[in-house]
Structure formats: C-alpha cells, structure tokens
Amino acid sequence: MDQHGDYEAQNLSEGLTHKTSRSSASIEKQAAKDTGSVPVGIEEDDTKVSRSTLLYQRYRPFILAALAAVIIGWWISSTILKATRHRWIVQTLFAWFFVLVIAFRFIPNSVVAQPVGAVWEACVQEPFYKLPHYTRLAIGWLCLLGIVFGSAFGFPLEEAKNTNYGDRAISVLGLFVFQCCFWLSSKFRSQIPWPTVIVGLFLQQVVALFVLKTGAGFSIFTWIATLASDFLAQSKAGASFFFDADTIAKNWFFVNTLAAIIFFIAFVQMLYYLGVMQWLLGKFAWFFFKLLNVSGAEAVVAAASPWIGQGESACLVRPYVDCMQVFLTSGFSCISGSVMAAYINLGVPAENIVTSSVMSIPASIAISKLRIPETDEPVTRGHVIVDRGAAEKYPPANALHAFSKGAVFGLVVAGQILTNVLTVLSLVAAINGLLTWIGRGFGIHALTLQLVLGYVFYPVAFFLGVPRAEILRVSQILATKLIENEFAAYTELVALQKTSEALSQRGFTIATYALCGFANLGSLGIQIGVLSAMAPSRAKVISRVALSAMICGFISTLQTAGIA
C-alpha cells in the first residue's frame with residue numbers, strides 16, 4: 001500500500017514538474033516576444049510547422065486511405081496485365097504488406113495478437129511445456145533429424161546439377177562432423193542452451209527448403225536479389241559523370257563496385273534518419289528473439305548483419321556491446337548489403353548471395369551458443385532495443401543531410417575496403433614469393449599459402465559434398481577466401497568458370513555459398529578495431545574471442561553450402 005502511494009506521489013510530482021516547466025517555458029517565450037529577442041522568422045516557421053502538422057493529423061485517415069486505394073489499384077492492374085502477371089506472388093506480398101501496415105495504423109494489434117496468442121498458448125505452448133525437459137529436447141532432435149534427412153533424401157536427383165545420393169549423404173555427414181567439433185571445443189558444455197541450438201539449425205534447414213524447393217520461395221528471393229541488383233546498378237549514373245561509358249562497361253572494381261558501396265551506404269543512412277531501418281530491424285529481430293530465445297541485442301545484431309555489415313550492425317546496440325558475450329559470429333558468417341553489389345558485379349548469382357546470408361543468421365546464433373555459451377543473464381533479455389543514434393554529436397538536420405553524411409561515411413568505408421584489399425593481396429603475394437623461394441630448395445616450384453591451406457581444407461571440401469575431381473580446386477578457393485578476402489576468392493572462382501577446368505553446377509553452387517561471408521583475416525582486424533573502440537573495457541576479451549568467432553562464422557557459411 002505504501003509502495004502504491006509512493007508511486008502515485010511520484011507520478012503526481014512528475015506531472016506537476018512537467019506542467020511547471022511547460023508553464024515556465026511559455027512565460028519565458030512570451031517575455032522574449034515582448035522584449036523582441038525572438039526572431040520573427042523562427043516564430044513564423046514554428047507556426048507553419050504546427051499548421052502543417054494539424055492539417056496532416058486532420059486529413060491523415062483520408063490520405064492513408066487514398067494511398068491504400070492506389071496500392072490496391074496497382075496490385076489489380078499488375079495482376080491483370082500480361083507483362084507483369086507472371087510475378088503475381090511477389091506483387092501480392094509487396095502490395096498487401098503496405099496495405100496492412102496502413103490498416104494497423106488504425107486497428108489495434110491486440111485484435112490479431114490476442115486471439116492468435118490465446119490459441120497458441122492453449123494448444124501448443126502450455127501442453128508442450130508440461131512435458132519434461134528431456135522429452136522436449138528429444139522431440140526437438142527428432143524434428144531436426146527428420147528435416148535434415150528428409151531434405152537430403154526426400155527429393156529426386158537433378159541431373160543438370162551432376163549430383164547423387166552419395167554426395168548428399170556426405171553433406172549430411174559433414175553437418176554432424178561440424179557440430180561435433182563445436183561441441184568438443186565448447187567452453188561450457190553444461191551451459192549449452194540446446195533449445196536455441198536445435199531451433200537455429202532447424203530454421204537454417206527451413207529457409208533452405210523454402211527458397212530452393214518451393215516456387216514461391218525461389219520467386220521471392222530472386223525478386224529480392226534482382227531488386228538489390230537493379231537498385232545498386234543505379235550508382236552507374238553517378239559513376240558515368242566521372243568516367244566514360246567504356247570504362248564503366250569494363251566493370252572495374254575501383255569504378256563500379258566502390259560507387260555502388262558509397263551509394264548504398266548513403267541510402268541506408270537516410271533510412272536510419274527516417275526511422276525505416278530501425279522499424280524493419282526491430283520486426284526482424286523480434287522474429288528471431290521469439291523463436292531462438294536470445295537476448296534482444298543479439299537478435300538485433302544477427303538480424304542486421306546481412307544488410308548493413310559487421311561493424312555497422314554493432315552500432316545498433318552500442319550501449320550494450322560491452323555487456324554481451326559473443327555476437328561476432330553473426331558478422332563473420334554474413335555479408336553486408338553494401339558489398340553485395342561487388343559479388344553481383346563479379347557474376348555471382350544474386351539469389352545465392354541473399355539466400356546464403358539469410359540462412360546463416362539462425363546458424364550463426366546456434367553455433368555461437370554452442371561454442372561459447374552464456375553463463376550470465378543478458379541485460380537485454382526479454383526485449384528488443386534498437387539504438388536510434390540519439391547521442392550523435394552532430395545529428396543530420398533532415399533526410400537530405402543524412403544522405404549526404406552517409407555518402408561521406410560510404411567514401412570512408414570504400415576507402416577501407418580498397419586499402420585492405422590492396423595491402424592484404426600485396427602481403428599475401430610477398431609471403432607466397434618467400435615460400436616459393438624456400439620451396440625451390442626442396443624441388444617445389446609453386447609453394448604458396450593457397451597450396452598449403454588447400455590441402456588442409458581438402459577434408460573440409462570433401463564433407464561439403466563437392467564432386468571428387470573438384471575438391472582440391474574448391475579447397476584452394478576456400479583458402480584464398482580465408483587468407484585474403486571474399487573478393488579475391490570470388491574473382492578467382494569466376495575466372496575459373498571461364499576456363500576449360502570450370503566447376504560443375506554442384507561444385508559452383510557449393511563454392512558460391514561457402515564464400516559468402518566476412519570470415520577472413522582482414523575482416524578480423526576490422527572487427528576487433530570497431531568493437532574495441534565501442535567497448536574499451538572489453539577490448540582484451542574481444543581480441544581473444546574474435547579468432548574463435550571468425551572460425552565459427554567460416555564454418556557457418558560452410559554448413560549453409562552443404563545444406564544448399
């Protein structure tokens with residue numbers, strides 16, 4: 001009773017303070033007006049803003065209703081017209097997504113959430129959690145094994161991909177070998193959250209089946225990839241202002257790729273200012289937060305990593321970086337949308353890139369929890385928080401200013417990529433030159449890091465299900481990716497496909513999925529630098545854990561390749 005009274009008194013005092021401060025502010029403003037110290041222009045601007053706000057609030061239902069009517073009209077028209085009828089699935093999802101967003105501006109979420117929640121709790125949640133813990137785990141393992149073996153052996157072979165059931169069996173064996181290695185190397189085996197691990201691996205299989213074995217899933221992800229490719233291609237308009245058409249047609253990394261990166265980062269920063277990215281990431285993170293039972297900060301980082309990069313995703317939960325155990329794996333197992341253009345421009349199938357990144361999200365969470373389980377309760381357990389960047393020293397004044405500042409930041413990122421690629425490739429060439437010089441003393445005329453690690457990764461490529469005759473070539477490309485970076489590895493892969501020793505469709509598909517991640521030595525340095533700057537108190541821990549996280553991220557992409 002005393003606590004309730006204190007709570008009411010606190011609320012009352014806060015309300016009186018708020019009213020008093022507001023009254024004081026109005027008195028000061030009136031006094032400033034009387035003395036003439038307030039510029040007339042500012043007062044007029046405030047009046048205009050308030051009037052426009054009032055007009056919008058008054059006509060808001062009519063404006064949104066008209067917008068919904070336009071969207072529905074577009075959907076009907078695009079479904080009827082022969083030229084766009086074939087893409088009706090994507091158009092339907094696109095149109096009705098925005099219609100529902102508009103509708104739920106007026107309809108309370110509880111209208112849908114309460115009935116669904118009541119049915120879910122009564123029919124699924126309560127009966128399931130009444131079962132003993134080990135019984136629930138056994139059901140989870142059986143479901144995971146069922147979807148793994150069902151997806152591997154339940155579908156007919158495709159002759160065009162040069163595959164057989166033996167290769168699929170090897171890929172399944174590789175999944176078990178990778179998980180056993182993580183379990184054996186786990187720091188706290190008794191603390192492993194097995195429900196999170198099982199659901200994470202299960203979701204990886206579900207995403208693969210939805211995208212690769214259903215027409216709707218393949219159409220949706222192909223549309224997303226095509227949209228991303230077409231959107232990033234608009235940067236050529238800016239590049240053409242500085243270079244001629246012949247230079248742009250050559251698809252040089254310095255011209256096409258870096259221009260796309262700068263443009264994309266500027267656009268994302270503008271979306272941050274408008275609050276669009278925070279909304280999207282919050283919804284996406286809520287999905288993984290509910291399914292995988294991870295902390296809100298981890299869910300946000302994992303959800304954001306495929307779209308905005310490993311360093312930028314950590315900025316979304318900046319206040320909680322030093323409180324988190326491990327989320328570096330998510331950054332190493334995915335790519336960012338800013339460099340997606342680079343891979344697409346090199347000739348890598350866009351749908352493979354998007355699918356690989358989405359599949360790696362739940363896998364990276366599962367692997368990180370298996371390798372280094374949490375022993376303390378996370379600060380953000382139970383809620384999702386996305387940092388809106390309110391503490392920025394010089395916040396942008398408007399969307400155009402945010403776009404301009406994002407372009408400058410994109411230039412910095414492009415410069416980092418350029419210098420890292422240049423210096424790492426040069427360093428590797430110098431080391432290879434030294435190894436070749438030493439190797440000639442033993443009669444070996446081409447001793448390189450790629451050759452050495454190519455043989456080290458030979459069993460890894462074997463467990464991925466790569467055709468026997470192509471294992472060494474794929475393992476050497478994996479070595480290039482780990483030592484240099486994914487740009488160099490994809491360049492080598494695309495060049496190999498243009499020769500007489502090109503990989504088969506199966507080998508090429510496995511390689512494109514396996515290379516799709518930031519797990520390399522250059523990114524390791526970037527990750528340590530970014531996170532150590534954000535959390536100086538955890539710099540030593542981050543430096544120790546980063547190498548393990550890079551290996552986990554590398555194997556996460558390998559798992560995705562084996563499943564695909």
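In this predicted model, helix α20, which covers residues 449–456, packs against helix α22, residues 471–483, at an angle of about 120°, and the two axes are 8 Å apart. Angles from 65 to 115 degrees count as roughly perpendicular and those over 145 as roughly antiparallel, and α20 and α22 are therefore described as oblique to each other. The crossing in which α20 passes α22 is right-handed.

Another helix pair, α6 and α8, is arranged as follows. The axes of α6 and α8 come within 10 Å and cross at roughly 25°; because angles under 35 degrees count as roughly parallel, α6 and α8 are roughly parallel to each other. Their crossing is left-handed.

A search of the whole structure finds eleven aromatic pairs. One of them is formed by Phe94 and Phe98, whose ring centres are 5.1 Å apart and whose planes stand at 70°, so this pair is edge-to-face. Phe94 and Phe98 are four residues apart in helix α4, residues 88–103, which means that about one helical turn separates them. Phe94 has a relative accessible area of 36% and Phe98 has a relative accessibility of 35%; because the partly exposed class lies between the buried limit of 20% and the exposed limit of 50%, Phe94 is partly exposed, and Phe98 is likewise partly exposed. Phe94 and Phe98 also belong to one aromatic cluster together with Trp74 and Phe97.

A straight helix of 20 residues would span 28 Å at 1.5 Å a residue, whereas the end C-alpha atoms of α5 span only 24 Å. Within α5 there is a bend of about 45° at Glu121.

Arg371 is found in helix α18, which covers residues 350–371, and with a relative accessible area of 16% it is buried, because buried means under 20%. The C-alpha atom of Arg371 is separated by 5.5 Å from that of Phe182, although the two residues are 189 residues apart along the chain. Ala514 is found in helix α24, residues 505–514, and counts as buried at 1% relative accessibility. Between Ala514 and Thr560 there are 7.1 Å in space, C-alpha to C-alpha, for residues that are 46 residues apart in sequence.

Key:
Residues are numbered from 1 along each chain as its sequence is written. This is a predicted model: local features need pLDDT of at least 70, side-chain atom pairs count only at pLDDT 80 or more; totals for chains, interfaces and linings use all residues. Side-chain values use heavy atoms; hydrogens and water are left out. Helices (H or I, at least four residues) and strands (E, at least two) are DSSP runs, numbered from the N terminus. The expected span of a helix is 1.5 Å times one less than its number of residues. The bend at a residue is the angle between axes fitted to the seven residues ending there and the seven starting there. Rings of Phe, Tyr and Trp (its six-membered ring) pair if their centres lie within 6.5 Å; planes under 30 degrees apart count as stacked, over 60 as edge-to-face and the rest as tilted. Buried means under 20% relative accessible area, exposed over 50%, partly exposed in between (1.4 Å probe, protein chains only). Axes are lines fitted to C-alpha atoms, for helices over the stretch in contact, and angles run from 0 to 180 degrees between N-to-C directions. A crossing is left-handed if the near helix is turned anticlockwise from the far one by less than a right angle, and right-handed if clockwise.
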